[in-house]
Amino acid sequence: MKITEVKVILTCPGRNYVLVKVMTDQPGLYGVGEGTINGSESIVAETLRHMSHLLIGRDPQRIEDTWQLLYRQGYWRGGPIFMTAIAAIDMALWDIKGKQAGLPVYQLLGGKAREGVLVYRHAFGRDFLECEDHVRHWLEQDYKVVRVQVGPYGGVGMIGEHPPLSPGTPPTGIYEATPYLLNVPKMFAHLRDKIGMEVELLHDVHEQLHPIEAARLAKELEPYRLFFLEDPLMPEHRESWPMLRGASTTPLAIGEIFSSRWDCLPLFMNKWIDFIRICPLHIGGITEARKILTMAEPFNVRSAFHGAADMGPIAQSASVSVQSVIPNFGVQEWTSYTEATHEVLPGACKVENGYALPNEVPGLGIDINEDAAAKYAYQRNFMPLVRRADGSMHVY
Ligand SMILES: [Mg+2]
């Protein structure tokens, strides 16, 4: 079997998605993959077009060898753009293998280790009461784990917005740590008082704190029994993990912007974290995500795959496939999709009773409707910026 073409599709049915369709010389047999990276979609798309020249004529059945080829051919290895592009191809090759075998991808990975993948949803509000209402909204729909943020995106530390520095630049929030640090423990005190201790709640710091501030927050949140505290530090502050780890028994999670197993290993080996937030989409695909979770297993680190709205149904299905089979599973971040997204990418995984179910059809179970994708043009997009009240960039 041979790869005959790699179609790269950029589309925006509500969010930007980078999609690939790896075509083969077998009639009707192709694989779908996803290489979406928020704010840098067009860069991954160009990387995929470049990589496609290495793939034409190759045997799509050789997943590991293709992965090694794409990883090692560049000499300048790794980084989020390359690893996301590799992920798109890797997913498509697993999709082809599943279709060829007549089996869902999770069966190729060893079969189910659980009946469903526990997911968490996002609750937010302008004040504690709105947060409480939003948590209850998810609980009423049988979700069992909820992330809670108070205030605008980024939390109550966001105290306003700077005017754009020049036309076309992204929105720029004004962040100060003090209101954030004072409010988040009060929010969890409110939620635990009103909703009780049993419900699984978590919180995302979005890496906005200095290490000593993160340590204080983890300590002050200890009585509220968080499922985990997400991204309490920038990954760059690796030397501060022992201090943060020693400050409390609040479980810690990080890794959604990691693009390498080498980012993960010291955190595993030193037992500094409890949950790893990588996902197949940004770490190099199903192949690499599975390997990293195997590395995490003896260190008692569980998975909590990133799954925010910046990820489409193909990458989500890849995450559910891996998380269905690993023994050290924790939770899966979850998002739902616009009608237009379902039109472009039919077959998204379903959630029942708070658990995501892997697709039961051969491959990843998602298709790409190219005619529909063409209707929704890619929208150039940048991530929001954060500055301090004095106008300086928020450096933490
Ligand atoms: Mg996060």
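This report walks through the domains, the sheet and some helix packing of the structure above. The model is a predicted one, so please read what follows as a description of that prediction.

**Two domains**

Let's start with the overall layout. The protein falls into domain 1, covering 3–103, and domain 2, covering 108–363. Taken over C-alpha atoms, the centres of domain 1 and domain 2 are separated by 26 Å. Across the boundary, 33 residues of domain 1 are in contact with 25 residues of domain 2.

Which elements supply the side of domain 1 that touches domain 2? Strands E2 and E3, together with helix H2 (63–72) and helix H3, each give at least two residues to that side. Helix H3 has the largest share, with 13 residues. Sorted by class, this side of domain 1 holds 15 nonpolar, 11 polar and 7 charged residues.

**The sheet and its helices**

Now for the sheet. Its 3 strands are ordered E1-E2-E3, forming an open sheet with antiparallel pairing. Strands E1 (3–11) and E3 (30–34) are the edge strands, and each of them pairs on one side only. On average, neighbouring strands of the sheet are turned by 20° against each other, with direction ignored.

Strand E2 (residues 17–24) is joined to E3 by 5 bridges, and the two run antiparallel.

| Helix | Residues | Strands touched | Angle between directions |
|---|---|---|---|
| H1 | residues 41–55 | E1 and E2 | about 175° with E1 |
| H3 | residues 80–101 | E2 and E3 | about 145° with E3 |

Two packed helices are described by the angle between their axes and the distance between the axes. For helix H5 (residues 128–140) and helix H6 (residues 177–195), the axes come within 10 Å and cross at roughly 50°. H5 and H6 are therefore oblique to each other. Their crossing is right-handed.

Who makes the contact? On the H5 side the residues are Phe128, Cys131, Glu132 and Val135. From H6 come Met187, His190, Leu191, Lys194 and Ile195. By class, the contact of H5 with H6 counts 6 nonpolar, 1 polar and 2 charged residues.

Technical notes: Residues numbered from 1 in each chain as written. Predicted model: local features only at pLDDT ≥ 70, side-chain atom pairs only at ≥ 80, totals over all residues. Pairing = 2+ DSSP bridges. Helix = DSSP H or I, 4+ residues; strand = E, 2+ residues; numbered from the N terminus. Axes fitted to C-alpha atoms, helices over the stretch in contact; angles between N-to-C directions. Contact = placed C-beta atoms within 7 Å. Parallel < 35°, antiparallel > 145°, perpendicular 65-115°, else oblique. Left-handed = near helix turned anticlockwise from the far one by under 90°. Nonpolar A, V, L, I, M, F, W, Y, C, P; charged D, E, K, R; others polar. Domains from an automatic or database assignment.
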